[in-house]
Amino acid sequence: MVVQGGSLEASGPFDRARALSAFKLSDNLFYWTTRIAALSVLGILGGIILSLIVGAWPAMKTFGFEFLWTQRWAPSAQPEPVLGALGPIYGTLVTSFIAMLIAVPVGLGIAIFLTELCPQWLRRPIGIAIELLAGIPSIIYGMWGFFVLGPFLANTFQPLMIGLFEGVPVLGDIFAGPPSYLSLFNASLILAIMVLPFITAVSRDVFDTVPPVLKEAAYGVGCTTWEVVRSVVIPYTRVGVIGGVMLALGRALGETMAVTFIIGNSFRISSSIFAPGTTISAAIASEFAESDGLHQSSLILLGLLLFILTFFVLAAARLMLMRLDRKAGK
């Protein structure tokens with residue numbers, strides 16, 4: 001019997017059963033396709049972890065936990081290599097911290113300007129510029145940092161800061177000289193520029209979700225723009241903002257090529273941010289092609305440590321978001 005008017009109820013029992021069977025088949029196919037796709041992510045993640053552990057096992061057996069706090073990196077030492085992860089771990093944490101210290105307030109400021117203060121005709125050009133920053137390959141950032149930003153900082157900014165804080169306790173050590181084209185600070189500034197679009201784009205999108213009636217009510221009782229942003233916009237969107245910041249932090253922790261160009265690739269730890277250093281990803285990129293044996297296994301172990309570090313950062317962010325959700329529920 002032909003279905004009239006597209007209605008299933010108008011068809012006969014045989015046609016209805018066949019249609020329901022077809023719906024059930026397509027529904028099951030969709031269910032298992034999405035389920036397999038989701039499980040494949042866990043499979044790929046498990047495979048990556050397993051391969052890292054297998055590759056890092058010789059170094060783990062040889063160096064043990066001392067690998068974490070050994071600063072020296074001498075793959076050619078005799079009678080056996082002396083390798084430690086303290087320098088790359090220190091460089092990774094310091095550069096990411098400085099980068100986020102610079103990028104978070106600047107990124108949030110740009111997002112607030114675009115959503116609350118920017119003239120309508122100017123919003124699109126600034127938005128396009130932010131998107132273009134996100135699309136620039138990291139190696140271009142590295143080349144620009146090496147040929148343009150590094151010399152500028154070494155000739156102008158670094159001498160100024162060194163002279164300004166010379167003799168000041170703690171700060172004098174942090175901003176100690178001599179100036180250098182390749183340093184932790186230069187790499188941190190490049191990272192800040194690279195992660196800025198992520199923070200700005202996510203924050204702008206979540207700021208746009210604030211109901212206009214909330215802001216209008218705040219303006220109606222006499223609040224200034226700063227008070228509206230601080231008391232209405234930021235509290236309403238804090239979960240999304242923290243998510244954007246964590247996304248940017250994950251990018252900063254794992255960035256490779258741009259940092260390799262401008263950090264100096266020195267495994268020595270210095271209290272000065274103007275001294276050369278290295279990160280986990282930069283060390284792997286600069287030495288993996290020429291490594292073998294225990295040296296290569298140690299580099300793979302560095303990769304495993306970076307994976308663990310990133311995991312703990314994301315887990316901490318997830319716990320923070322859960323606590324914020326709980327407080328909001330109360």
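Student: Where does Pro178 lie?

Tutor: The model is a predicted one. In it, Pro178 lies in the loop between helix 6 (171-174) and helix 7.

Student: And what is the peptide bond from Gly177 to Pro178, cis or trans?

Tutor: That bond is cis, with omega near 5°. For context, most peptide bonds are trans.

Student: What about phi of Val170, positive or negative?

Tutor: Phi of Val170 is positive, near 70°, in a residue other than glycine. Val170 belongs to the loop between helix 5 and helix 6.

Student: Is Val170 buried or exposed?

Tutor: Val170 counts as exposed because its relative accessibility is 56%, and the cut-off for exposed is over 50%.

Student: What is phi of Asn265, then?

Tutor: Phi of Asn265 is near 50°, again a positive value in a residue other than glycine. Asn265 sits in the loop between helix 10 and helix 11 (280-287). Its relative accessibility is 29%, so Asn265 counts as partly exposed.

Student: Changing topic: how many residues has the largest nonpolar core?

Tutor: The largest nonpolar core has 53 residues. Those with the most contacts inside it are Met100, Phe185, Ile190, Ile199, Phe207, Met246 and Phe274.

Student: Which helices each supply at least two residues of this core?

Tutor: They are helix 3 (86-117), helix 5 (138-165), helix 7 (184-207), helix 9 (225-254), helix 10 (257-262) and helix 12 (293-329). There is also a second, separate core of 18 residues, which includes Leu52, Phe267, Leu305 and Leu306.

Student: What does Met246 touch, not counting residues up to four places away in sequence?

Tutor: Met246 touches Val313, Leu314 and Ala317.

Student: Now the helix packing. At what angle do helix 5 and helix 7 pack?

Tutor: The angle is about 130°, and the axes are 9 Å apart. Helix 5 is therefore oblique to helix 7. The crossing of the two helices is right-handed.

Student: Which residues of helix 5 and helix 7 meet?

Tutor: Helix 5 contributes Ser138, Tyr141, Trp144, Gly145, Leu149, Gly150, Leu153, Phe157 and Gln158. These meet Phe185, Asn186, Leu189, Ile190, Ile193 and Met194 of helix 7. The residues of this contact divide into 10 nonpolar, 5 polar and no charged.

Student: And how do the axes of helix 8 and helix 9 cross?

Tutor: The axes of helix 8 (residues 212-220) and helix 9 cross at roughly 150° and come within 10 Å. Helix 8 is therefore roughly antiparallel to helix 9. This crossing, too, is right-handed.

Student: Which residues meet there, in helix 8 and helix 9?

Tutor: Leu214, Lys215, Ala218 and Tyr219 in helix 8 meet Thr225, Val228, Val232, Val233 and Tyr236 in helix 9. The contact of helix 8 with helix 9 divides into 7 nonpolar, 1 polar and 1 charged.

Student: How far apart are Gly55 and Ser298?

Tutor: In sequence they are 243 residues apart, while in space they are 8.6 Å apart, C-alpha to C-alpha. Leaving aside residues up to four places away in sequence, Gly55 touches Ser297 and Ile300.

Technical notes:
Residues are numbered from 1 along each chain as its sequence is written. This is a predicted model: local features need pLDDT of at least 70, side-chain atom pairs count only at pLDDT 80 or more; totals for chains, interfaces and linings use all residues. Side-chain values use heavy atoms; hydrogens and water are left out. A nonpolar core is a set of buried Ala, Val, Leu, Ile, Met, Phe, Trp, Tyr and Cys residues joined through side-chain atoms within 4.5 Å. Buried means under 20% relative accessible area, exposed over 50%, partly exposed in between (1.4 Å probe, protein chains only). Helices (H or I, at least four residues) and strands (E, at least two) are DSSP runs, numbered from the N terminus. Contact means heavy atoms within 4.5 Å. Axes are lines fitted to C-alpha atoms, for helices over the stretch in contact, and angles run from 0 to 180 degrees between N-to-C directions. Angles under 35 degrees count as roughly parallel, over 145 as roughly antiparallel, 65 to 115 as roughly perpendicular and the rest as oblique. A crossing is left-handed if the near helix is turned anticlockwise from the far one by less than a right angle, and right-handed if clockwise. Ala, Val, Leu, Ile, Met, Phe, Trp, Tyr, Cys and Pro count as nonpolar, Asp, Glu, Lys and Arg as charged, and the others, Gly among them, as polar.
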